[in-house]
Every structure is written in C-alpha cells, then in structure tokens.
Amino acid sequence: MSDNNVRRDFEQIGRWVGQGNRVLDLGCGDGSLLGYLHDTKGTQGVGVEISDERVISCVERGVNVIQQNLDEGLAMFGDQQFNTVVLSQTLQAVHQTEHVLKEMVRVGLNGVVSFPNFGYWPHGWSILRGRMPVTGQMPYAWYDTPNIHLCTLKDFEDLCGKLGLRILERVTFSPHCEVKWFAGWRATLALYRFTNQNNQHNQTNTTGGVR
Amino acid sequence: MINAAALKSTDTEGRKLTEPSNDVQAEPGSVGVVKTQYFEFDQPLALASGQSLDAYTLAVQTYGTLNATKTNAVLMCHALNASHHVAGVSADDPNEIGWWDNMVGPGKPVDTNKFFVIGVNNLGSCFGSTGPASIRPETGEPWGAAFPVITVEDWVMAQARLADRLGIERFAAVMGGSLGGMQALSWSITCPERLANCVVIASTPRLSAQNIGFNEVARRAIITDPEFHGGNYYAQGVVPKRGLSVARMIGHITYLSDDDMAEKFGRAQRAPALDGAWRYGFDVEFEVESYLRYQGEKFSKYFDANTYLLITRALDYFDPSRSTDGDLTQALASVQASFLLVSFATDWRFPPARSREIVKALLNNATPVTYAEIDAPHGHDAFLLDDSRYHAVVRQYFKRIAKAVLDE
C-alpha cells in the first residue's frame, strides 16, 4: 500500500476511534497504527500478530501485542472487551474471513475494516488485457501474493449483509483524494465501520471505556 | 547509588563470604565472579499450612547496582532445581555458571548495567537458604521430615521480607520461568502494589492432573527408597539417591520435547554387541537410557530429596483461582502490574494453552499484557536456552521498563 494510503487509513480510523477507547488491532504488524492511535487519541491498544519479527517490533514500540494466528480465532478475547476492533489491510489475507468478521463484533462494540478495492477500474483494464492486476495498492505477482480473498466494495457489503453486520459508515479513497461518486470503480482503498445487527447502542462513535 | 557490595554489612555473622579468586575468569557480557550473601530473619514467618518458621536464612546474590531511588530492582524467581545463583561464575568453581546467565548480565536482555537483579534461594531448598537439611535450632538435628510444607505464597512472603530488608518498596519487575513464573504471578496477586511489571515465562496458572501425576511418581520414587527413612535419612548417614535419581529422570523427560529427544538420541544404541545386535538384557541399551541415568545420578549427588518433595508439592498446590471458584479473571482482578508472558510451542509440560489462560484473564481485566508464543523446538527447557526471538522480546520489554521506571 502506498504511504499516502497508509496515512489516510490511519487518519480515518483515528476519526472513528474515541478518546481513550480500548482498541484491538488484528494483524497489527509492527504496531504503528496502535502507536498512532495512542499518541493522537490516548487509546489503550492491544495488537494481535503472528510474525515473530513484528511482535518484537511491537514490544520495541511499547505496543502490547498478543502473538497468535488470527485464523485460529479470538478465543482469548471475551465479549465486548473493546470499543473498536480494527482489521486494517489484513482482510484480504485472512483465511477464515467470515469467522473473523463475526468475532470482531463479538469482542468489540464495532469493527473497522480497511482493504484495497479490487474493483478499482485499472484492475479491470489489466484483466481485459489478459493479466492479473499488479498495482501500487496490490504490488504482488499472482503466484506470490498474501492476498487470497480480494473483493470489491459490493462483494464486501453483500458479505456484511449475509453475516448480519450493519454498516455504519463507509469512506473510500482514490490515490489522490476521498471519492464519493462511482467509488466502486474509482476507489483504491475502502474503510468500513460496522456493528452487529442486534447492537442498538452504537450508531455513533463511542467515547470512554467499555468497562 | 548503593553498590551491591555495600549490602555486605547485612550479611550473617559467622558466615564468611567467598572472595573471588584470581584464577576464575568470566566471559564478556557476564556479571563476572559472583558471591553469595546470607540474610538472617528472626521474625516468625506464618505459613499457608498454619505452621510457622521462627527464624530462617535466605541465600541471595545480586548483580548490578541499586539506584538511589531504589526503583531499578528486578527479582528473579527460580524453578524446581535452581538457586539464587542466577548469573555469573561461581567464585568456588569456574564451571558453575548461573542458571539464567544468558538472560542476565551487562548488555544482556535483562541488562545489569541498568537493573539491580536479585536472585534468592527459596525456603525449603538446599543451596544455602533454610531447608530440611538445615539444623533445627530446637533439636540441634537436621529438620528432615519435620520441615513444614511450603507454598509459592510462602516463598513470596519471604522474598517480600528480603525486599523490605533491601529497602525496595516496588520492583521494576518480578520475573521467573516455570515454577519461577508462578512466583512472579503470585507476587502480582499478593503484593500488587510492589511490582511494576510481572514477567512469566513458560508457566501455568495451575498444574494439570498430568503434571501432578508426574510429580507424584517422582515423590513415590523418593519415599519408597529404603534409604529415605521417613525423611530423616541425614541421621543415618545415607541419602535416597536411587529414588531421587528416578525422580530426576522422569522430571527430565517432561522438560524435553519428543522431537528434541528424537533428534538428540533417536534409537541410537549405547554400546551395541557385535554387528549392532541387541544385548537382550536390562542394562543400558539405548543412548537415551544412558543419558537419563547419568542426569539422575548427577542430580542425586547434589540435590536434597526432601527439598524435591517440598518443591513438587508447592507446584501441586499453586492455584490462585482456588479462592475464586476457579475464576482466574477474578483471581487476577487486583493486579496492578503490566505483564509479559512467553510460552514455547513444543513445551508439553506447561504448553502455550496454559499461558493463554493467564493472558485471557488479564485481558478480561484490561490489564496491560504482551504475549509471545515462541516456536522453539526444545520443549519446556526452551525457557533456559538462548533463542534469539525469545531473548529479543525480553530485551525490548526490559528496555520499555527501563524507559518507564528509570525515566531514560
């Protein structure tokens, strides 16, 4: 993902997270998002990460991290323990997609997902020319990509419907700016905030702790 | 700044400290040649069993320098067969290296240039602190079977008194592996305000039936040895070395992973007959047998059988959630420390699932916790071995502690 989109991703997630919230970041990498949220919003963050190297980076950064494979589920986390559960740029690499999305709204009041939009129009152009798309957002060759579950905005929204997830907000970005019209073609990056269908008390940002 | 050597004044009278000899050399990164201090306590210590110890000695080593505000102290809790000799080289024997020497020292993950590290031999042990082999003042004879059963919580209380003696109100961290991790966990529950961080390596919130089963086999081996004499073997001038040796052999198997044993020994024969034929008997046939017998015999020469009974029982009894109807979250509700937990994928004695129970309980309480699950091949023993990922996690965590505690 381009640096520009990393910055947008962080800033948008930051806007959706309340001051001092408890945030769980799934696939937290080197902990930079949680570090950013702590610095800007005073959040209490916990990350989940599988890679030894990235776990060490998190500890170095002062981010609390739990080393675990996301696909093994979030059994270590109790119900509604966090204000927000984030899956930033990781959805497309998760094996148990449906399970992880459901778990997100079990352990958190709301979930935030960001992913590269496979429907971005140059991808279609690439496929028309007979090639899998390789772009700044998805810079991998087809045989060497961690991205096993790529989707478009519509695909994701359909899945949310199937899983009973209510989408609260959607923000989409092109490489240059936020896009509102024809986002399905024009956006390279999509962010969604969602909650459980049955969760009544979470229409807007929650502030303060859950507990 | 108070130098460790300055604490000499509190040493027991009549016990001469071993001065470093010139021919013992320490490796770079080692704390160097170390010596033991003995602290006497004469306030009775009430024990969980209802008994009490009127007076006792604790054998202690310290490394690094306690800062003026006494905020940089780290307590290292030892496991079953270890001691207060955590790091450095023994002044008496250059081959005697501290049990966690790869972890503790100048520039090591627990950096003695920054931290004042304390190793303490637990009550009931046999390396200088009061235990069953010590002389009981009332009788002038060794305690033997009369020595009270000791729990992890009792150890913590004794360690807390040592901290009082050293003027340490709050540890930067209390750390331990295996049974040592239980002590660290117990510290966080029984003295929540006295530690900023709790570092629990390859440990468990309670023993499983299987764990207790192995301990019981070890104890039966000792107790049924004809030379055990009901625990009062000292007077007979013998030790139940066969029983102790078998106890060690079974313990040793649980410290190693199946793969590790396969790789180390496989089915290699020790001294096969001509053409590799079996010897068709019950002497050592396989390498693994020879290794275990050697480990058992070596252990039986330096470890006290009564201590083995006591410490395995302390392991069995440890269960902080016993007072909260098995609810570990509630048991850990009063905890104030931040936690680092590490487990090892091939540890089947205290497998990762046991550490995850602690992590889950801490998360339920919103206690800050970091958990690393290291894919190391060496079973339970991995916590004592040099693994770069494991050590990097501990190193970075202690850098964080140094930053927070020492305001660097």
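## Briefing on a two-chain model

Glu141(B) is partly exposed, with a relative accessible area of 44%. The model is predicted. In it, 20 residues of chain A are in contact with 20 residues of chain B, and a search of the whole structure finds 23 salt bridges over all chains.

**Glu141(B) and its surroundings**

- Glu141(B) belongs to strand β12 of chain B, which covers residues 141-142.
- Leaving aside residues up to four places away in sequence, Glu141(B) touches Ser134(B), Ile135(B) and Arg136(B).
- Ala221(B) is 80 residues from Glu141(B) along the chain, and the C-alpha atoms of the two are separated by 25 Å.

**Interface between chains A and B**

- The two chains bury about 1800 Å² between them, and 56% of this area is on carbon and sulfur atoms.
- Val59(A), Gln67(A) and Met76(A) supply 32% of the area that chain A buries against chain B, more than any other three residues.
- One salt bridge is counted between chain A and chain B.
- Asp52(A) and Arg389(B) meet through their side chains in a salt bridge, at 3.3 Å from N to O.

- Glu216(B) and Arg219(B) form a salt bridge through their side chains, with an N to O distance of 3.4 Å.
- Glu216(B) and Arg219(B) are separated by about one helical turn because they are three residues apart in helix α3 (residues 209-223) of chain B.
- An α-helix has 3.6 residues a turn, so residues three or four places apart point the same way.
- The relative accessible area of Glu216(B) is 34%, so Glu216(B) is partly exposed.
- Arg219(B) has a relative accessibility of 5% and therefore counts as buried, the cut-off being under 20%.
- Arg219(B) also forms a salt bridge with Asp316(B), where the closest N and O atoms are 2.7 Å apart.
- This pair links distant parts of the chain, with Arg219(B) in helix α3 and Asp316(B) in helix α7 (residues 305-317) of chain B, 97 residues apart.
- Asp316(B) counts as buried, at 11% relative accessibility.
- Asp316(B) meets Arg313(B) in a further salt bridge between side chains, at 2.9 Å from N to O.
- Both Arg313(B) and Asp316(B) lie in helix α7 of chain B, three residues apart, or about one turn of the helix.
- Arg313(B) is partly exposed, and its relative accessible area is 30%.

**A salt-bridge network in chain B**

- A network of salt bridges links Arg206(B), Asp319(B), Arg354(B) and Glu357(B).

- Helix α1 of chain A (residues 3-16) has 14 residues and reaches 20 Å from its first C-alpha to its last, close to the 20 Å expected at 1.5 Å a residue.
- Buried residues of α1(A) include Phe10(A), Ile13(A) and Trp16(A), and among them are also the charged Arg8(A) and Asp9(A).
- The buried residues of α1(A) pack against α2 (32-41), β4 (82-88), β5 (108-116), β6 (165-173) and β7 (189-196) of chain A.
- In helix α4 (residues 97-107) of chain A, the buried residues are Thr97(A), Val100(A), Leu101(A), Glu103(A), Met104(A), Val105(A) and Val107(A).
- The partners that the buried residues of α4(A) pack against are β1 (22-26), β4, β5, α6 (153-163), β6 and β7 of chain A.

**A nonpolar surface patch on chain A**

- Trp121(A), Trp125(A), Leu128(A), Trp181(A), Phe182(A) and Trp185(A) make up a nonpolar patch on the surface, with about 930 Å² of accessible area together.
- Helix α5 (residues 121-128) of chain A gives the largest share of the patch, three residues.
- Trp125(A) has its place in helix α5 of chain A.
- With a relative accessible area of 51%, Trp125(A) is exposed, as the cut-off is over 50%.

**Positive phi angles**

- Most residues other than glycine have a negative phi.
- Gln80(A) has a positive phi, near 50°, and is a residue other than glycine.
- Gln80(A) sits in the loop between β3 (65-67) and β4 of chain A, and is partly exposed at 27% relative accessible area.
- Ala366(B) is not a glycine either, yet its phi is positive, about 60°.
- The loop between α9 (352-364) and β16 (369-374) of chain B holds Ala366(B).

How values were computed:
Residues numbered from 1 in each chain as written. Chains lettered and ligands numbered in written order. Predicted model: local features only at pLDDT ≥ 70, side-chain atom pairs only at ≥ 80, totals over all residues. Heavy atoms only, no water. Helix = DSSP H or I, 4+ residues; strand = E, 2+ residues; numbered from the N terminus. Expected span 1.5 Å × (residues − 1). Buried < 20%, exposed > 50% of the residue type's maximum accessible area, 1.4 Å probe, protein only. Contact = heavy atoms within 4.5 Å. Patch = residues over 30% accessible without salt bridge, like charges linked within 9 Å, V, L, I, M, F, W, Y side chains within 5 Å. Areas by Shrake-Rupley, 256 points an atom, 1.4 Å probe, with all protein chains shown as cover. Salt bridge = Lys/Arg side-chain N within 4 Å of Asp/Glu carboxyl O. Buried area = accessible area lost by both parts, 1.4 Å probe.
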